[in-house]
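Subject: Structure handover

Hello,

Here is the structure I promised to pass on. Please open it first, then read my notes below.

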Amino acid sequence: MSDADLLRLLTIFDNSEEAEGLINTLRNAGHIIRDIRVEDEEDLEKALEENPVDIILAKQATPLITAKQTVEYIIKSGRDIPVIVVTSTGELDSALEAMQTGARDSLELGQNERLKLLIKREVADLKNRRGLRRSEKMLHESEKRARDLIDNSRDAISYVHDGMHIYANNAYLKMFGYDTLEDIEGVPILDMVSNEDHAKMKEFLRKYSKGQSTDDTLEVHGQTLDGNKFKIIMEFTTASMEGEACSQIIIRDQSTTRELEKQLNVLSKQDLLTGLYNRNYFLEQVDKVVAKTVEDKAQGALLYIVIDEFEKHKEEHGISGADLLLTDVAGMLKKKVGNMGTLARFEGHHFTFLLTGIDLKQAEKIAGGLVKLIQDHSSDINGKLVSARASLGLAHINETVKNTQEAINRAIKGFHAAEKAGGNQYYIYNPAVEDLEEQEQIAHWSHRIKEALKHNQFKLLFQPIVSLHGESGEHYEVLVRMLDEQGEDLSPSEFIPAANQADLMKYIDRWVIANTFKVLTERTQQQKQTRFFIKISQGSLIDPEFLPWVSERIKSLRLDVTLLVFELSEDTALNNINAAKGFVDAFKQLNCRTALENFGIEQNTFQSMKQLPVDYIKIHANLIQNLAQNVENQDKVKEITNEASQRNMRSIAASVEDANSLAVLWQCSIDFFQGYFLQEPDTSLNYDFEEGF
């Protein structure tokens with residue numbers, strides 16, 4: 001249990017049964033309650049000095065203190081603690097005075113459903129207010145550090161609002177011949193540009209302010225106070241100065257290495273296979289549009305375009321043929337619609353298209369046109385005409401989009417809906433509708449998972465991990481299944497995503513660990529040395545109570561810790577690198593083993609090997625499937641196993657499904673393998689490791 005899970009209540013009642021009834025209602029709703037009870041203002045003052053408090057539930061009037069007095073004390077002390085007034089049945093009007101003073105809301109005893117809703121709202125509001133204060137403090141500190149860096153930068157940097165300078169660093173002042181900041185404050189940015197470029201500058205600023213510009217750089221002739229002219233490139237970025245929205249301009253003298261930098265700039269933005277923009281550049285452009293929507297200065301749309309059944313194309317035409325198809329479709333799209341927005345190759349056979357300055361209706365028309373364009377286009381693949389189809393997800397970018405990742409996620413969800421509906425179509429992701437349905441699904445699964453945990457409706461499955469080189473010893477991957485009302489297995493793909501979203505995966509982890517420890521104890525009593533690989537979720541990784549809990553159970557059961565391997569997915573580890581380092585170090589101190597699973601497909605995959613000295617590397621299924629036919633994957637697997645061997649890490653091939661892969665795995669120096677070729681996951685530990693495969 002972490003502080004994030006707690007609801008710290010302070011209750012002021014003269015009847016303890018009334019307070020207990022409210023607290024039980026909240027506990028039954030899933031809250032973990034820490035209750036502090038006070039009777040008068042002196043108790044209240046002392047309790048607030050000694051304890052953090054989230055919400056106060058105060059009876060409208062008790063013999064020693066009223067709700068109004070409570071609210072007045074909270075306001076006087078400057079604390080941000082919401083007060084909810086509780087009255088007897090039929091006396092809600094008596095709470096009016098406290099409400100006028102500043103109480104957040106009121107309810108009658110017995111209104112349990114209203115209580116749940118009020119607490120849910122107040123907790124959310126309180127988190128938002130606290131988050132805002134933390135963000136404002138971080139922003140202030142960041143702006144101070146940024147100002148120091150800007151002042152000492154060799155690049156000329158200024159900040160402009162409504163076309164006027166509001167700040168400039170020393171390099172900027174020196175570049176244009178000004179002595180002090182006061183000399184340039186309020187001076188138009190046009191004064192820094194030669195007369196012949198004024199029209200060009202005005203047109204750029206007009207488009208940039210409306211979010212219609214796809215480029216954030218402008219090449220013009222700068223002009224000093226003395227009238228000297230020189231070539232410059234002005235780089236524009238949306239920024240803020242002392243809380244006021246403005247534009248940051250960075251200027252570098254381009255008189256020498258301009259052409260070389262221009263070439264390098266083009267290459268840094270380009271996907272080498274298709275010639276489209278690459279993922280990083282695309283994300284930068286989305287980030288700029290999202291930033292402008294906050295100020296209602298822009299709107300746009302993001303399309304996520306995926307070639308349907310691309311694996312079939314790869315199987316039929318080979319990797320090189322599939323690449324030809326991808327390149328040809330990309331070239332066609334660039335020619336037909338490339339001038340309408342930012343078209344990029346996002347990853348693999350996934351493209352993205354950013355449209356700015358248009359509304360959703362216009363974007364929908366373009367999405368329908370793209371589906372038809374791809375469907376009607378034929379590509380010449382090794383003398384054979386091949387047609388592709390695509391599924392498109394469409395997301396509107398407006399002020400409701402919090403950040404770039406949310407914009408991408410909305411479009412991806414739209415793509416999945418289009419693909420699920422049969423492909424060769426587009427789907428508009430509407431968060432107002434979709435998020436509500438998603439929240440309802442999460443709430444539904446949250447209840448089911450909590451009930452399953454309460455009634456032990458989970459079971460363990462085991463899949464053998466076997467040495468390719470005849471090494472003795474029993475090794476099993478531990479897997480979990482949730483049971484439905486009829487006792488049938490539910491697929492992990494059904495309940496695990498919901499468990500993650502509802503922050504319940506850490507409790508499933510504990511169920512798995514506790515029950516695996518029971519099995520390990522039984523195997524040890526039977527004189528069997530069986531090593532278990534146990535998956536750990538992100539929820540457990542970031543839970544401060546998890547490691548102490550595991551450590552205590554290990555010690556109390558006196559387990560042979562060398563038989564325990566705790567696994568983290570590589571993407572989870574990289575997204576929480578500091579927590580992952582602590583995780584590996586902590587289990588090393590306990591003499592347990594650690595592993596990285598789903599390894600090898602992240603962009604900086606070998607960096608995780610360097611930072612996380614685990615004992616096992618489990619290679620991602622995407623690199624193992626069709627390994628015998630895929631030379632590129634063979635080379636990647638060899639590279640991984642060589643690096644792992646140099647670091648004294650053992651390698652495991654996951655999801656091996658055919659005999660053809662075994663010879664290749666042996667040549668790649670893989671240490672262990674697992675998969676359906678050996679045995680499907682089973683409730684029993686019955687694999688004959690002595691006989692081998």
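Strand β18 (residues 458-464) is mostly covered. Six of its seven residues are buried, where buried means under 20% relative accessible area, exposed means over 50%, and partly exposed lies in between (1.4 Å probe, protein chains only). Strands here are DSSP runs of E with at least two residues, helices are runs of H or I with at least four, and both are numbered from the N terminus. β18 is joined to strand β20 (residues 474-483) by seven bridges, and the two run antiparallel. Two strands count as paired if DSSP finds at least two bridges between them. Gln 463 has Glu 477 of β20 as its bridge partner.

A word on the source. This is a predicted model, in which local features need pLDDT of at least 70, side-chain atom pairs count only at pLDDT 80 or more, and totals for chains, interfaces and linings use all residues. Residues are numbered from 1 along each chain as its sequence is written, and side-chain values use heavy atoms, with hydrogens and water left out.

Next, a sheet. Five strands form an open sheet in the order β12-β13-β11-β16-β17, with mixed pairing. At its edges are β12 and β17 (426-429), and each pairs on one side only. From one strand to the next, the twist averages 20°. Angles run from 0 to 180 degrees between N-to-C directions, and axes are lines fitted to C-alpha atoms, for helices over the stretch in contact. Strand β16 (residues 390-397) pairs with β17 in the parallel sense, over four bridges. Leu 392 has Tyr 426 as its bridge partner in β17. Helix α13 (residues 404-420) packs on the sheet. This helix touches β11 (300-307), β12, β16 and β17, contact meaning heavy atoms within 4.5 Å. The direction of α13 makes about 145° with that of β16.

Now a pair of helices. Helix α1 (residues 16-28) and α5 pack at an angle of about 65°, and their axes are 10 Å apart. The two are therefore roughly perpendicular to each other. For that label the angle must be 65 to 115 degrees; under 35 is roughly parallel, over 145 roughly antiparallel, and the rest oblique. The crossing of α1 and α5 is right-handed, a term for a near helix turned clockwise from the far one by less than a right angle, with anticlockwise giving left-handed. On the α1 side, the contact is made by Leu 22, Thr 25 and Leu 26. On the α5 side it is made by Asn 112, Leu 115, Lys 116 and Ile 119.

Then the charged pairs. Side chains of opposite charge can pair when their charged atoms come close. How many salt bridges does a search of the whole structure find? The search finds 38, each being a side-chain nitrogen of Lys or Arg within 4 Å of a carboxyl oxygen of Asp or Glu. Three of them follow.

- Arg 27 and Glu 20 meet through their side chains at 3.7 Å, N to O. Arg 27 is partly exposed, at 38% relative accessible area. Glu 20 is partly exposed too, at 29%.
- Asp 80 and Arg 133 form a salt bridge at 2.8 Å, N to O. This pair links distant parts of the chain, 53 residues apart. Asp 80 sits in the loop between α3 (67-77) and β4 (83-87), and Arg 133 in helix α5 (residues 112-151). Asp 80 is partly exposed at 27%, and Arg 133 is partly exposed at 41%.
- Arg 279 bridges to Glu 347, with the closest N and O atoms 3.3 Å apart. Arg 279 lies in helix α10 (residues 279-293) and Glu 347 in strand β12 (residues 342-347), so the pair ties together parts 68 residues apart in sequence. Arg 279 is partly exposed at 35%, as is Glu 347 at 39%.

There is also a network: Arg 104, Asp 105, Arg 114, Arg 121, Glu 122 and Asp 125 are joined by salt bridges that share partners.

Last, two backbone angles. Asp 162 is not a glycine, yet its phi is positive, near 50°. Asp 162 lies in the loop between β6 (156-161) and β7 (164-168). Asp 162 is exposed, at 67% relative accessible area. Asn 591 is not a glycine either and has a positive phi of about 70°. Its place is in the loop between α20 (577-589) and β24 (593-599). Asn 591 is partly exposed, at 47%.

Best wishes
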